[in-house]
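Reader: I would like to learn how to read features off a set of coordinates. Please take them one at a time, with the general idea before the case.

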Amino acid sequence: MIRYLLLLVVFVISLHALSNSEILKRADGLIKSSSQSDQFRAYNDYKSLYLRSIMNDSTKLKINSLKGIVKSGKKLHIDISTYEKELKKLTPKKKYTKPKQIVKKRSDTSKKIRIRSSHKLKSVTWKENNLVLSFDKKLTNNQINYFTLYDNKNKRFKYIFDIHASMLNKSQNLRKDGISRIKLGQYKPNTLRLVIENRSKIKINFKKESKNLVIKIQSNSKKQKTSFTPVNLNQYKTVVIDAGHGGKDPGAVGYKKYREKIVVSKIANELKKILKSRGYKVFMTRDRDKFVKLSRRTKFANKKNAHIFVSIHANAVGKKIANKVHGIETYFLSPSRSERAKKIASKENSADLSDMNLYGKNSFLNLLNHHNILASNKLAIDVQRGMLGALNKKYKGVKDGGVREGPFWVLVGAQMPSVLIEVGFITHPKEAKRLVDNNYRKTMARGMADGIQRYFANCK
Ligand SMILES: [Zn+2]
């Protein structure tokens with residue numbers, strides 16, 4: 001709950017300029033959209049309104065925001081049960097009616113398919129070689145679609161379960177010795193997809209046991225151990241750190257001609273050192289002053305099966321306002337259309353126009369996965385909190401620019417939660433001096449690492 005409140009606080013801060021009715025109007029518009037990213041934005045708007053309703057002690061606003069949270073949250077498969085309970089308490093006379101279930105008819109009338117799945121995944125556990133998926137209701141046969149394929153490109157056998165159900169949480173990687181990769185996620189709004197990948201063939205059996213789906217996985221690997229890997233240990237988490245710009249692209253050039261590409265590379269290397277010392281697997285998109293195309297950076301992270309992708313940049317403004325603008329900001333990828341986000345993004349995007357053409361605007365929006373947006377948002381909050389917490393202990397006047405969303409091309413295509421950190425304004429005299437100071441950079445990197453650690457501790 002503390003986590004939720006903090007999440008809300010951040011949104012309230014980022015929305016400070018708009019009035020309650022303006023936000024409500026915007027959210028009510030967004031919720032009608034069929035795009036999931038709009039749904040997510042609506043959801044966030046309602047959540048910030050909810051916090052405002054607590055602060056302003058307004059029951060009317062609280063009911064309106066709770067209704068919105070419940071409605072959009074359901075569409076996004078987010079667990080909104082606590083909000084729903086509170087809403088019911090507030091509206092005892094008028095019975096709150098759930099959004100209608102959409103029933104889609106095929107032209108063949110003998111087969112009617114319910115689009116909205118009422119089954120929910122409760123838990124995922126290992127029982128020796130068996131992966132047990134527990135649901136809230138008994139499963140039927142036609143709810144499970146199992147198929148196998150060979151992925152030629154990655155040279156892997158894939159065993160795929162599509163299950164007509166929804167999950168309460170985000171996608172997850174389930175590790176098991178002897179198996180290359182096991183991934184579970186919401187493939188479509190009403191379909192869960194479990195993908196078991198391996199370089200060599202494996203034997204898969206499955207059976208339904210009341211509310212459980214039990215999947216027996218037998219790898220042929222001789223190295224296979226009997227013990228199972230706990231998923232929350234650092235050494236099984238892979239972090240890809242991306243120091244922005246490099247080589248022919250200096251990034252922003254600021255106070256005393258300090259260059260962004262150098263500053264961010266130093267911070268990235270500090271972060272790498274700290275994370276490694278804490279047991280994480282760390283990879284860098286560049287470890288020296290070299291030009292790397294934007295699209296290659298996320299491709300690299302995908303190839304490494306990274307759990308998170310952290311891109312590090314420094315901000316800049318024109319000379320006229322250079323003395324005034326400073327602060328640390330963390331962005332997560334979303335199709336935000338706010339002018340400010342666009343401005344920052346266009347600066348970070350400009351180095352590599354070919355990538356923009358490659359993706360195009362529409363496919364960019366399609367690439368966004370709402371589970372990743374939500375996880376990226378959480379990661380951004382943890383990283384931002386970590387940095388501010390560490391720096392505030394040692395330095396005065398460090399400005400919290402907050403967590404923001406924006407259309408950053410370097411984050412497009414990342415298949416894992418990803419954030420872009422603007423470590424400060426290289427054009428601000430005081431902040432720039434700090435950004436070239438090793439102790440300041442070390443403290444900041446330690447804060448980032450703390451944030452990453454907190455993120456992993458909270459996402460299980
Ligand atoms: Zn940059």
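Reader: What span should helix α4 have, given its 17 residues?

Author: The model is predicted. The expected span of a helix is 1.5 Å times one less than its number of residues. Helix α4 covers residues 59-75, so its 17 residues should span 24 Å. The end C-alpha atoms of α4 are 24 Å apart, which agrees.

Reader: What caps the N-terminal end of α4?

Author: Ser58 does, with a side-chain oxygen 3.1 Å from the backbone nitrogen of Leu61. Leu61 is itself among the buried residues of α4, which also include Ile63, Leu66, Ile69 and Val70. Just after α4, His77 takes a positive phi of about 60 degrees.

Reader: How should I read a positive phi, and where else does one occur in a residue that is not a glycine?

Author: Most residues other than glycine have a negative phi. Glu128 is not a glycine, yet has a positive phi of about 55 degrees. Glu128 is placed in the loop between β3 (120-127) and β4 (130-135). Ser210, also not a glycine, has a positive phi of about 55 degrees, and its place is in the loop between β11 and β12 (212-219).

Reader: Is Glu128 buried or exposed?

Author: Over 50% relative accessible area counts as exposed, so Glu128, at 65%, is exposed. Ser210 has 46% and is therefore partly exposed.

Reader: How many aromatic pairs are there, and how is one described?

Author: A pair of aromatic rings is described by the distance of the centres and the angle of the planes. The structure holds six aromatic pairs. One of them joins Phe161 and Phe206: the centres are 5.0 Å apart and the planes make 85 degrees, which is edge-to-face. Phe161 lies in strand β6 (residues 156-163) and Phe206 in strand β11 (residues 202-209), so the pair ties together parts that are 45 residues apart in sequence. Phe161 is buried, at 0% relative accessibility, whereas Phe206 is partly exposed, with a relative accessible area of 36%.

Another pair, Phe283 and Phe300, is also edge-to-face, at 6.4 Å centre to centre and 85 degrees between the planes. That pair links distant parts of the chain, with Phe283 in strand β14 (residues 281-284) and Phe300 in helix α7 (residues 294-303), 17 residues apart. Phe283 is partly exposed at 26%, and Phe300 is partly exposed at 22%.

Reader: Which charged end sits over the ring of Phe283?

Author: That of Lys304, which is 4.5 Å from the ring centre. The charged end of Lys248 sits in a like way over the ring of Phe291, 4.4 Å from its centre.

Reader: Which residues do ring pairs link into a cluster?

Author: Tyr280, Tyr455 and Phe456. Tyr280 lies in the loop between α6 (260-277) and β14 and is buried, with 4% relative accessibility. Its C-alpha atom is 7.1 Å from that of Val239, although Tyr280 and Val239 are 41 residues apart in sequence.

Reader: Which residues touch the most other members of the largest nonpolar core?

Author: In soluble globular proteins, nonpolar side chains tend to be buried together. The largest nonpolar core here has 69 residues, and Ile312, Met448 and Ile452 touch the most other members. Helix α11 (residues 370-394) gives this core its largest share, ten residues. Domain 1 (2-90) and domain 3 (234-458) both contribute residues, so the core lies between them.

Reader: Where is Thr443, and which backbone oxygen does its side chain approach?

Author: Thr443 is in helix α13 (residues 438-458). A polar atom of the Thr443 side chain lies 2.8 Å from the backbone oxygen of Asn439. Thr443 is buried, with a relative accessible area of 2%.

How values were computed:
Residues numbered from 1 in each chain as written. Predicted model: local features only at pLDDT ≥ 70, side-chain atom pairs only at ≥ 80, totals over all residues. Heavy atoms only, no water. Helix = DSSP H or I, 4+ residues; strand = E, 2+ residues; numbered from the N terminus. Buried < 20%, exposed > 50% of the residue type's maximum accessible area, 1.4 Å probe, protein only. Polar contact = N/O pair within 3.5 Å; in protein donor to acceptor, adjacent residues only side chain to side chain. Phe/Tyr/Trp six-rings, centres within 6.5 Å; stacked < 30°, edge-to-face > 60°. Lys NZ or Arg CZ within 6 Å of the ring centre and 35° of its normal. Core = buried A, V, L, I, M, F, W, Y, C linked by side-chain atoms within 4.5 Å. Domains from an automatic or database assignment.
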